[in-house]
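Take a look at the model, then read on.

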Amino acid sequence: MTSATATARSGRRPASGAWFLVLPALIPILVLSVGPLLYGIALAFTDAQAGRTEPTEWVGTLNFQDLLHDTLFWDSFRIGLLWAVGVTVPQFLLALGLALLLDQRLRLRGLARALAIIPWAMPEVVVGIMWRLVYNADAGILNETVRDLGLGDGRDWLTGLATALPAVVVVGIWAGMPQTTVALLAGLQNTPHELHEAAALDGAGAWRRFRTVTWPALRPVAFAITALNFIWNFNAFALVYVLTNGGPGGRTRLPMLFAYEEAFRYGQFGYAAAMGCVMVAVISVMLAFYLVGRLKGGDGK
């Protein structure tokens with residue numbers, strides 16, 4: 001009886017001890033992530049406003065009903081999709097080419113790899129300020145280059161209705177390409193070189209080796225980083241806020257920017273929280289598709 005009791009107790013001790021090991025990581029998640037998320041969801045069903053003297057009241061789904069008929073929000077949603085696709089696809093293609101180049105046995109390859117990740121190490125605010133200087137209408141390096149080449153007098157890229165979104169997309173591609181390059185380069189280095197050598201001995205050219213050897217091994221990594229990049233880009237805020245603040249005329253107003261303006265410029269906290277709930281739902285659906293794609297067919301293969 002005594003040994004059985006000791007065994008039972010010893011069997012319980014690891015489980016109880018594991019909770020003490022998990023708590024230091026679990027408490028910040030509950031306090032800083034889960035708690036605010038639940039509070040934001042609850043706030044979406046109220047009429048909370050900045051400077052309101054009356055008590056906040058429960059309004060049910062009224063904010064969501066108003067959101068369904070808010071053309072400005074759905075327009076920002078459309079811009080967010082254009083931004084996410086416009087950044088993610090070229091970002092992947094350019095990063096793939098760069099990763100293939102950095103995987104070759106080049107001179108100063110280590111230095112080239114270090115330089116390639118510099119944009120990743122820079123804060124988004126710094127990147128935004130730097131590119132605002134590049135796009136400056138009067139003294140920006142881009143307009144100076146255009147003038148030197150005799151292609152015109154330049155233009156104000158970030159305030160033009162037709163050029164603002166493409167200009168911001170270029171910055172998004174430049175800023176996010178290093179992390180995609182690093183992920184793809186890691187996938188390339190995990191591909192056995194013996195397979196490439198065997199394919200070369202069989203007479204396979206560079207394209208055929210890429211299609212039959214490199215891409216099948218790289219596909220799970222490519223799928224994962226592309227899906228995550230799309231989610232991150234759709235959820236972007238700081239970079240576009242610094243570059244254009246959503247202008248001109250809302251041409252670069254992403255959904256997160258729209259929710260930010262409703263909350264902190266106009267004080268509509270309840271309505272902004274409803275927008276946040278919609279964004280959380282959209283991102284959750286994207287994550288679900290990503291996880292299903294990873295698990296289906298052997299990790300996305």
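## The loop between α11 and α12

Let's start with asparagine 245, which lies in the loop between α11 and α12. Helices here are DSSP runs of H or I with at least four residues (strands are E runs of at least two), numbered from the N terminus. Before going further: this is a predicted model, where local features need pLDDT of at least 70 and side-chain atom pairs count only at pLDDT 80 or more, while totals for chains, interfaces and linings use all residues. Residues are numbered from 1 along each chain as its sequence is written, and side-chain values use heavy atoms, with hydrogens and water left out.

Most residues other than glycine have a negative phi, and most peptide bonds are trans. Asparagine 245 isn't a glycine, yet it has a positive phi of about 55°. Its relative accessible area is 31%, so asparagine 245 is partly exposed (buried means under 20%, exposed over 50% and partly exposed in between, with a 1.4 Å probe and protein chains only). In that loop you'll also find proline 248, with α11 covering 238–243 and α12 covering 255–264. A cis peptide bond links glycine 247 to proline 248, with omega at about -5°.

## A buried threonine

Threonine 252 also has its place in the loop between α11 and α12. With 1% relative accessibility, threonine 252 counts as buried. Skipping residues up to four places away in sequence, threonine 252 touches several others, including Ile79, Ala164, Val168 and Leu257 (contact means heavy atoms within 4.5 Å).

## Where α3 meets α8

Two packed helices are described by the angle between their axes and the distance between the axes. For helix α3 (residues 71–102) and helix α8 (residues 164–189), the axes come within 6 Å and cross at roughly 45°. That makes α3 oblique to α8 (under 35 degrees is roughly parallel, over 145 roughly antiparallel, 65 to 115 roughly perpendicular, and the rest oblique). What residue classes make up the contact of α3 with α8? By class, there are 20 nonpolar, six polar and no charged residues.

Notes
Axes are lines fitted to C-alpha atoms, for helices over the stretch in contact, and angles run from 0 to 180 degrees between N-to-C directions. Ala, Val, Leu, Ile, Met, Phe, Trp, Tyr, Cys and Pro count as nonpolar, Asp, Glu, Lys and Arg as charged, and the others, Gly among them, as polar.
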